[in-house]
Amino acid sequence: MFLSHPRLRDLTPTQYGAALDWLRREGILQSAGSTPAALSGKLAGLAVLRAAVAGAEPTWLLDADRTIRSAHDLPLDVVSAAEALGLGANDAVQVIKTVWGKVDTRARAALGAAGEQRLVELLTDALDAEVLHVSEVSDGLGYDILAGCADEALHLEVKTTNRRGRLAVYLSRNEYEVMRTDSEWRLVAVLLDDSGWIAGAGTVNRRWIAEAVPVDGSAHGRWESVRLDVPRAAVSPGVEGVRRWLRPQAAGGVLDSGTIDGLPAPQWLGAAQ
């Protein structure tokens, strides 16, 4: 049938077999070839499109939160796939938002853990002070790293990015509340290069954070997490407050100046304040 029917000649039997195996792996088809009742009709089409986009992880997916806001922004291959599945353009937009959210959450978790570890290593090598990775013990303190001496210490909340062009961070309500009451709290943004090393660092202005977070509209609702798109003017170079403990050989380095000699500074890193 695959060789003789005119409408089925666009793919080889091997390609059809691979597609069938893929549908089964994704749970869209059962082993007998039927579609689960929960994935009938339009839901089946949505499931296929979601699995296809997630499996391909196209390069444009990383910035889909900014570049795909409406049906007019959809890539042509997504439009074609949606039409073939009997879906509308708005359905495709929602699928992309869902897939982007899952990919972004997974990527942020991995990147964040790597950034924290690298900053702990860098601080340990550069400071004449104690450095503790406290988020490994408890994630409820509102910060990730404690750095300092017995009578004074910085509390560093670390946000990691691999983007030079823009800085977007997610702040929890608990982190924000700790910031409001803890004068030694700092939000530190670190840039990881392709090798996983810190290539830039900056401190986000506390006053800007306080002005940028949402305001609870009533006693019956409150925000618990917020995404902040941080402008360059709100980020000062280096890790604010560590200079007092810097070893001589670390002066002028990334913890101090925010950049590494010979490398371009990230575009989101502002001037010294």
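What follows is a chat about a predicted model of one protein chain.

User: Before we start, what should I know about the model and the numbering?

Analyst: It's a predicted model, where local features need pLDDT of at least 70 and side-chain atom pairs count only at pLDDT 80 or more, while totals for chains, interfaces and linings use all residues. Residues are numbered from 1 along each chain as its sequence is written, and side-chain values use heavy atoms, with hydrogens and water left out.

User: OK. How many helices and strands does the chain have?

Analyst: There are 8 helices and 8 strands. Those are DSSP runs numbered from the N terminus: helices are H or I with at least four residues, strands are E with at least two.

User: And how much of the chain is buried?

Analyst: Buried residues are 41% of the 273 in the chain. Buried means under 20% relative accessible area, exposed means over 50%, and partly exposed is in between (1.4 Å probe, protein chains only). The accessible surface comes to about 15,200 Å², and 53% of that belongs to carbon and sulfur atoms. Those areas come from the Shrake-Rupley method with a 1.4 Å probe; for residues, only the protein chains shown count as cover.

User: What share of the contacts is between residues 24 or more positions apart?

Analyst: 61%, taken over the contacts in the chain with a separation of 6 or more. Contact here means heavy atoms within 4.5 Å.

User: Let's look at H2. What's its span?

Analyst: H2 covers residues 42-56, so 15 residues, and reaches 21 Å from first C-alpha to last, close to the 21 Å expected at 1.5 Å a residue. The expected span is 1.5 Å times one less than the number of residues.

User: Which H2 residues are buried?

Analyst: Ala44, Gly45, Leu46, Ala47, Val48, Leu49, Ala51 and Val53. Val53 has 7% relative accessibility. Not counting residues up to four places away in sequence, Val53 touches Pro58, Trp60, Leu61 and Val99.

User: What happens just after H2?

Analyst: Glu57 takes a positive phi of about 45° there. Most residues other than glycine have a negative phi. Glu57 sits in the loop between H2 and helix H3 (64-67).

User: Is Glu57 buried, exposed or partly exposed?

Analyst: Glu57 is partly exposed, with a relative accessible area of 42%.

User: Switching to aromatics. How many aromatic pairs turn up?

Analyst: The search of the whole structure finds 1. It's Tyr176 and Trp223, with ring centres 5.6 Å apart and planes at 50°, so the pair is tilted. To count as a pair, rings of Phe, Tyr and Trp (its six-membered ring) need centres within 6.5 Å; planes under 30 degrees apart are stacked, over 60 edge-to-face, and the rest tilted.

User: Where do those two sit?

Analyst: Tyr176 is in helix H6 (residues 173-181), and Trp223 is in the loop between helix H7 (206-212) and strand E7 (225-230), 47 residues apart. Tyr176 is buried at 12% relative accessible area, and Trp223 is buried at 11%.

User: What does the buried side of H6 pack against?

Analyst: The buried residues of H6 pack against E3, E4, E5 and H7. Those residues are Arg173, Glu175, Tyr176, Val178 and Met179.

User: Which arginines lie over ring faces?

Analyst: Arg108 lies over the face of Tyr170, 3.7 Å from the ring centre, and Arg118 over Trp197 at 3.8 Å. The cut-off is NZ of Lys or CZ of Arg within 6 Å of the ring centre and within 35 degrees of the ring normal.

User: Now the core. Which residues touch the most other members?

Analyst: In the largest nonpolar core, which has 27 residues, they are Leu167, Leu171, Trp185, Val204, Ile209, Leu228 and Val230. A nonpolar core is a set of buried Ala, Val, Leu, Ile, Met, Phe, Trp, Tyr and Cys residues joined through side-chain atoms within 4.5 Å.

User: Which element gives the largest share?

Analyst: E5, with 4 residues. A second, separate core has 24 residues, including Leu111, Val120, Ala201 and Val254.

User: Last one: what is His155 in contact with?

Analyst: Leaving aside neighbours within four places in sequence, Tyr143, Ile145, Leu146, Asp182, Glu184, Trp185 and Arg186. His155 lies in strand E3 (residues 153-161) and is buried, at 16% relative accessible area.
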